[in-house]
Amino acid sequence: MEILITNDDGIYAEGIYALAAALSRAGNVTVVAPDTQRSAVGHAITITDPLRVVKANRSGKFFGYAASGTPADCVKLGIKAIMKKRPDLVVSGINLGGNLGYNVLYSGTVSGATEGALLGIPSIAISLDTFIKPDFSAAAAFSVKLAGYVKKHRLPPGTLLNVNLPNVPAGKLKGIRVTNQSRTSFNDWFDKRTDPHGNTYYWMTGDFKPKDADQASDLNALRAGYISVTPIQFDLTDYKFITELENWEITA
Ligand code: MN
């Protein structure tokens, strides 16, 4: 199995190293990842600048290709320019921080996998729900298992898997839940500050402590100690509203 790996935390992040090490037991791994931190770039691509790609070593040996672009750029580059064979699977992660609810819209991690699915390849995004003291071992091991399920069952065209794990050792996981996205997003605000020259600037900050009554959601699976696996898609059309909108009889 040919596997393309990317992330949005950059090619030198701890999570992608754990992911590549685990998945190299399941197939031939090619890493194409951003050369620096690109979290929260969503599905951005680079069109006004060239993409520079250099070989990156980790632990003294070749690890992958570091690109001056976004996760979506990296997946396009991997498939269309770098890999000799088309991958059978694209895996993006392991992200430092969960990608839940409406936050997936901002996520570079999820967009790396979305790009894989757009190009017709089964794709998985995988995130660890913590920003402190991450233990990537359970997520890395689960990525190998899930790759096996995806290979066996396939995924429908246009569907990818968004996986989140609580930050616990494998032995402490309660199990797995297939979930839907929670209808939650960051509660964010702007810290208004003054720079040394007396100019005002703003720095976005926030928290993510939503209440969520939906027991089938990604958020509540994580809170209960389960791995959350959510099938997601990128056709954003609201099919239910089409007829009603037609009834507006909008004229040009
Ligand atoms: Mn990230």
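1. A polar contact, as the term is used here, is a pair of N or O atoms within 3.5 Å, of which, within protein, one must be able to donate a hydrogen and the other to accept it. In this predicted model, the side chain of Asp212 makes such an approach to the backbone nitrogen of Asp214, at 3.1 Å.

2. Asp212 itself sits in the loop that runs between strand 10 (200–207) and helix 5 (218–223). Asp212 is buried and yet has no salt bridge, since the nearest side chain of opposite charge, that of Arg223, is 6.2 Å away, whereas a salt bridge requires the two charged groups to come within 4 Å. Leaving aside neighbours within four places in sequence, the contacts of Asp212 are Ser182, Thr184, Ser217, Leu219, Asn220 and Arg223.

3. In helix 1, the buried residues are Gly15, Ile16, Leu19, Ala20, Ala22 and Leu23. Seen down the axis of helix 1, these buried residues fall within an arc of 165°, and therefore they line one face of the helix.

4. Pro122 occupies the loop between helix 3 (108–118) and strand 6 (123–128), and with a relative accessible area of 13% it is buried. The C-alpha atoms of Pro122 and Val150 are separated by 7.3 Å, although the two residues are 28 residues apart along the chain. Apart from neighbours within four places in sequence, Pro122 is in contact with residues including Val150, Arg154 and Leu155.

5. Some backbone geometry deserves a reader's attention. Most residues other than glycine have a negative phi, and most peptide bonds are trans. Gly93 and Ile94, however, are joined by a cis peptide bond with omega about -10°, and Ile94 is found in strand 5 (residues 89–96). Ser59, in the loop between strand 3 and strand 4 (61–67), has a positive phi near 50°, and Ser59 is exposed, at 62% relative accessibility. Arg154 likewise has a positive phi, of about 65°; Arg154 lies in the loop between helix 4 (137–153) and strand 7 (159–165) and is exposed, with a relative accessible area of 52%.

Technical notes:
Residues are numbered from 1 along each chain as its sequence is written. This is a predicted model: local features need pLDDT of at least 70, side-chain atom pairs count only at pLDDT 80 or more; totals for chains, interfaces and linings use all residues. Side-chain values use heavy atoms; hydrogens and water are left out. Helices (H or I, at least four residues) and strands (E, at least two) are DSSP runs, numbered from the N terminus. Buried means under 20% relative accessible area, exposed over 50%, partly exposed in between (1.4 Å probe, protein chains only). Lys and Arg count as positive and Asp and Glu as negative; His and the chain ends are not counted. Contact means heavy atoms within 4.5 Å. The arc is that of the directions from the helix axis to the C-beta atoms.
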